[in-house]
Amino acid sequence: MIPSVNPSGSDTRGLLYYLYETGKYEEHTDPHLVASFDGMSPDPGRDPNATLTDLQQLLDQPMMALAKHARPAKHVWHTSVRADPGDRILSDEEWADIARRIVAATGIDPGEGQPGCRWAAVRHADDHIHIVATLVTEDGHRPDDFRSGTRAQAEARLIEKELGLHQVTPGDGTAAQRPTSAERHKAERQGRERTAREELRETVRRAVTGARCDEEFFDRLAAAGLLIRKRAAPSGDLLGYKVALPDDLNNDGEPVFYPGARLAPDLSLPRIRERWSGEAPDASPSRQEEVIRTGPGTPAAARRGTASAAWQAVLVVEHSDDADVAAHIAAADEVLDALAKTSAAHTRRELRDAATAFERASRSHVRAVRGHDHALRQAARDLVHGGPALGRGEDGATTAMAIDMLFFLITAAAHWHARKGHAQQAEAATRAAEHLRTAYQEAAAQPLGVLYQRGRRLSRPVLQRQTVLLREALPGLAEQILAEPGWYALAATIAETEAAGHDPAVLLSDAVESRELGTADSVSDVLVWRLRRLADLPVDATGIPKNSTVRNPATVRPAAARTTTLGRRLGEEAPGNTR
């Protein structure tokens, strides 16, 4: 159950007109009162002799009794209270009791002999009510409605338990502001799938992704077609900004501007600047190797870099201090936005849904300390500049690898939030991980299918020898892996690691040493990506000659000889997949 307290207004009758209107809004059916401050207020919905003016004048009477100069300019208090879509339909009597509890909890009408405001609760749909009140008590004072939204939420949690309704995860005040009822209905009238506030929030978040300075950020906003207003100090220093959609106009035909902070708490200009406060030119050896191998600025290079950065970030989330973890989680949100923006059509929707869900997990009361999250922010930047990826070949295969690694990171973030008691953020990260799971299945089907066919073509002696190797290297997981369909893809990868001069037993051991893999849906899938990354193998196997053979084991370099080339990567290992 979600109470949504709206900003105070000044037109009681106009709000009542909206609540009782049935011609313009499809969801408005049988509007009627379910409760009021005195239980006897006129109901224009069901009493043919009652009018909106009658109800408005009754509610506004305490305010009108004040001297004109003492009347508050914004005197209309309004909240909606909406049930979860999965809840049963509540009766008018139940909604009446809910309304009385909400106005008492928020200080609008506290009861127990204390003077309260006049209010009325209107129901015009099965799943919600609206409560309208005048912010002047019967004795002419302002009610004690401080933090009424927070108080309404707390009371809603109690109501949910008592009525057996869906229990909403408690928030911590860091969520982005929800669209108002007026914004939702305006979007419906204009034929928009989302409100202007939601469209602007997503556009601004994408503009922030990987940006390094004010100029780049505002250039991206302009390129996205937004109208921009900047706020500057007398000295000329930039203090803030507002954005608007060109076709989102008010009654006067003027664009409706939203400050960044009203879109989301972390989209104010000062908070955005924190993201690039620690930016420096990238000198990461691992990133330089990715560029050399795959080419500068290519989608595949960007995805390889993303996989490596996500892999490192898992270790940070699990072992670093809270401020550093918060920064990496926020940066992960940028990576998801960038990956969704640049991925092929068959994965784009799930990746976009993952990014949308994870947005709520990117903020908490733990303040992020920026700078150490540079690798993730650079990965997001590279994804944006690398451009759209194809759904096949190395682009498609590296997309699967990046999603696989990001799944680890997002799951680690969910666990961290849960340990900290961040219920909404943990729930959001878990939802994002589910979307990533689906996206991974779409992205990995083709490259793993190619490897599967290669594994099926391996000779029986080779498969037998690899089976023995697997049982010796991973005795606790071998039987599970051998029973999985993905074993043949792993067998093909093991063959390639041998052909490249590596000892697959060492790589297998190192690939699982950080954490168990018993909870993974497909351990073999996980090991395919880890081995291919550790051994610097091409992620897309379609370009490997079909007649490539395994080297003689005697020619494989010993582990000590590979320390300089693999030592750093082995130190990067992170927890196992829990898909």
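Where is Pro143 found? I located Pro143 in the loop between strand S5 (128-137) and helix H4 (148-163).

**Entry 1. Basis of the work**

I worked from a predicted model, in which local features need pLDDT of at least 70, side-chain atom pairs count only at pLDDT 80 or more, and totals for chains, interfaces and linings use all residues. Residues are numbered from 1 along each chain as its sequence is written, and side-chain values use heavy atoms, with hydrogens and water left out.

**Entry 2. Overall composition**

I recorded 22 helices and eight strands for the protein. Helices (H or I, at least four residues) and strands (E, at least two) are DSSP runs, numbered from the N terminus. I noted that 53% of the 579 residues count as buried. Buried means under 20% relative accessible area, exposed means over 50%, and partly exposed lies in between, with a 1.4 Å probe and protein chains only. I then looked up contacts, defined as heavy atoms within 4.5 Å. Among the contacts in the protein with a separation of 6 or more, 74% are between residues 24 or more positions apart.

**Entry 3. Loop residues**

I returned to Pro143, which is buried, with a relative accessible area of 6%. Leaving aside its neighbours within four places in sequence, I found Pro143 in contact with Gly107, Cys117, Leu135, Val136 and Thr137. I also noted Ile108, 35 residues from Pro143 along the chain, with the two C-alpha atoms separated by 6.0 Å.

I looked up Ser268 in the loop between helix H8 (260-263) and helix H9 (269-275). Ser268 counts as buried at 16% relative accessibility. Not counting residues up to four places away in sequence, Ser268 touches Tyr241, Gly260 and Ala261.

I placed Thr180 in the loop between H4 and helix H5 (181-190). Its relative accessible area is 15%, and Thr180 is buried. Thr180 and Arg197 stand 17 residues apart in sequence, and their C-alpha atoms are 9.4 Å apart in space.

**Entry 4. Positive phi angles**

I noted a phi near 50° for Asp30, a positive value in a residue other than glycine. Asp30 belongs to the loop between helix H1 (12-20) and strand S2 (32-36). Asp30 is partly exposed, with a relative accessible area of 41%.

I noted a positive phi of about 55° for Glu112, which is not a glycine. Glu112 lies in the loop between helix H3 (92-105) and strand S4 (117-125). Is Glu112 buried or exposed? Glu112 counts as exposed, at 79% relative accessibility.

**Entry 5. Helix pair H15 and H16**

Two packed helices are described by the angle between their axes and the distance between the axes. Axes are lines fitted to C-alpha atoms, for helices over the stretch in contact, and angles run from 0 to 180 degrees between N-to-C directions. I found that the axes of helix H15 (residues 393-420) and helix H16 (residues 423-456) come within 8 Å and cross at roughly 160°. H15 and H16 are therefore roughly antiparallel to each other. Angles under 35 degrees count as roughly parallel, over 145 as roughly antiparallel, 65 to 115 as roughly perpendicular and the rest as oblique. I recorded the crossing of H15 past H16 as left-handed. A crossing is left-handed if the near helix is turned anticlockwise from the far one by less than a right angle, and right-handed if clockwise. The residues of the contact of H15 with H16 comprise 18 nonpolar, eight polar and two charged. Here Ala, Val, Leu, Ile, Met, Phe, Trp, Tyr, Cys and Pro count as nonpolar, Asp, Glu, Lys and Arg as charged, and the others, Gly among them, as polar.

**Entry 6. Helix pair H17 and H20**

I found helix H17 (residues 460-473) and helix H20 (residues 504-512) packed at an angle of about 40°, with their axes 9 Å apart. H17 and H20 are therefore oblique to each other, and their crossing is right-handed. Leu469, Leu470 and Ala473 in H17 meet Pro504, Ala505, Leu508 and Ser509 in H20. By class, this contact of H17 with H20 has six nonpolar, one polar and no charged residues.

**Entry 7. Nonpolar cores**

A nonpolar core is a set of buried Ala, Val, Leu, Ile, Met, Phe, Trp, Tyr and Cys residues joined through side-chain atoms within 4.5 Å. I recorded 83 residues in the largest nonpolar core, where Phe358 and Trp529 have the most contacts. H15 gives the most to this core, with 14 residues. I also noted a second, separate core of 25 residues, including Ala83, Leu90, Ile131 and Ala152.
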